[in-house]
Amino acid sequence: MHTDDMTTQQVGHDTRERALAGRIALVAGATRGAGRALAVELGRSGATVYVTGRTTRTRASEVGRTGETIEETAELVTAAGGAGIAVPTDHLDEDQVRALVERIDEEQGRLDILVNDLWGGEHLLAASVFGKKSWETPLADGLRILELGARSHVITAALLLPLLIRSDAPLHVEVTDGTAHFNRRYRDNMYYDLAKNAPIRLAFGLGQELAEYGGAAVAVTPGFLRSEQMLTHFGVAEENWRDAIALEPTFAIAESPQYLARTVAALAADPERARRWNGRSTSSGELAEVYAVTDADGSRPNAWAYFEDVVYGGKEGSPEDYR
């Protein structure tokens with residue numbers, strides 16, 4: 001566990017203190033799930049937040065969900081107290097990303113916080129990844145996973161970082177699935193393993209490059225995320241999410257998207273974040289302990305510790321022991 005002599009009171013775990021007032025943020029991949037929650041929480045902290053995604057009120061992405069749109073995310077950011085600006089963007093299209101850079105440059109002149117939460121590949125996993133050897137995965141699906149989970153992140157970082165380093169304290173956040181420690185295990189399938197480890201290495205490498213600018217690059221992961229898509233998968237809503245435990249016992253350790261969002265907002269408000277986190281891989285559970293943040297229900301789940309100790313380590317324990 002990462003600790004040092006800094007107390008949580010120095011940064012505060014309540015992002016309603018507007019610790020990020022005046023800051024300019026971009027959350028790439030903010031249509032739903034962790035990305036939406038991250039954008040809203042940064043807005044609650046006072047930031048101006050550009051939010052991007054492919055699903056709009058007039059067009060759906062390949063994910064196939066029309067219930068969440070990028071325009072709605074921007075409205076939620078503004079309602080939370082920030083300024084939400086929706087810019088529909090396909091981050092695999094270099095021209096669209098360059099246009100996004102030009103717009104932020106023209107309107108703001110800099111970028112302070114870049115959250116790279118791009119994914120959108122869940123629809124490929126059940127049929128083409130889980131339970132399959134890499135050679136059993138259709139090549140087109142495997143390559144698409146790499147495009148969505150790795151190439152999009154590289155394009156976004158390459159084109160946005162020149163704007164980010166104009167900040168007096170640039171922060172680049174890579175969102176992925178699993179910490180570097182947990183992902184020393186093979187993540188089910190070659191394509192998925194590559195896609196979810198790539199952001200960790202991106203944060204590590206970019207941390208070296210941002211250091212001379214007083215910046216930080218950090219890879220973060222939620223635990224078992226109760227995203228809109230996951231709730232739909234189990235046929236439950238946030239209000240009755242525990243009903244899904246009967247179908248999947250490990251869902252008992254699940255966390256809301258707000259949990260990761262609160263922890264990242266606390267990290268962004270930490271004036272010592274570069275010294276403490278640059279180049280590192282961390283999780284909502286670890287950040288929550290360091291910054292005294294809780295989930296929406298007041299608990300503090302640490303899903304990766306639970307999986308490490310109990311599910312894979314054979315240690316006696318229940319999900320409630322890790323909440």
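Arginine 185 comes out as partly exposed because its relative accessibility is 23%, where buried means under 20% relative accessible area, exposed over 50%, and partly exposed in between (1.4 Å probe, protein chains only). This is a predicted model, so to speak plainly: local features need pLDDT of at least 70, side-chain atom pairs count only at pLDDT 80 or more, and totals for chains, interfaces and linings use all residues. Residues are numbered from 1 along each chain as its sequence is written, and side-chain values use heavy atoms, with hydrogens and water left out.

**Salt bridges**

- Arginine 185 forms a salt bridge with glutamate 308, with the closest N and O atoms 3.2 Å apart; the term means a side-chain nitrogen of Lys or Arg within 4 Å of a carboxyl oxygen of Asp or Glu.
- That pair links distant parts of the chain, 123 residues apart: glutamate 308 sits in helix H11 (residues 303-311), and arginine 185 in the loop between strand E5 (171-175) and H6. Helices (H or I, at least four residues) and strands (E, at least two) are DSSP runs, numbered from the N terminus.
- Glutamate 308 counts as buried because its relative accessible area is 16%.
- Aspartate 112 and arginine 110 meet through their side chains in another salt bridge, at 3.0 Å from N to O. Aspartate 112 is buried at 1% relative accessibility, while arginine 110 is partly exposed at 25%.
- Glutamate 272 and arginine 275 also pair up, 3.0 Å from N to O. Here glutamate 272 is partly exposed at 32%, and arginine 275 is exposed at 52%.
- Shared partners tie Arg23, Arg110, Asp112 and Asp168 into one salt-bridge network.
- The count by this rule is 23 salt bridges.

**The sheet**

- An open sheet is built from 7 strands with parallel pairing, in the order E3-E2-E1-E4-E5-E6-E7; two strands pair if DSSP finds at least two bridges between them.
- Strands E3 (83-86) and E7 (281-283) are the edges, each pairing on one side only.
- From one strand to the next, the twist averages 20°.
- Strand E1 (residues 24-28) runs parallel to strand E2 (residues 48-52), joined by 5 bridges. Valine 27 has valine 51 in E2 as its bridge partner.

**Surface patch**

- Tyr186, Met190 and Leu194 make a nonpolar surface patch of about 310 Å². Patches are made of residues with over 30% relative accessible area and no salt bridge: like charges are joined within 9 Å, nonpolar side chains (Val, Leu, Ile, Met, Phe, Trp, Tyr) within 5 Å. Accessible areas come from the Shrake-Rupley method with a 1.4 Å probe; for residues, only the protein chains shown count as cover.
- Leucine 194 belongs to helix H6 (residues 190-210) and is partly exposed at 43% relative accessibility.

How values were computed. Axes fitted to C-alpha atoms, helices over the stretch in contact; angles between N-to-C directions.
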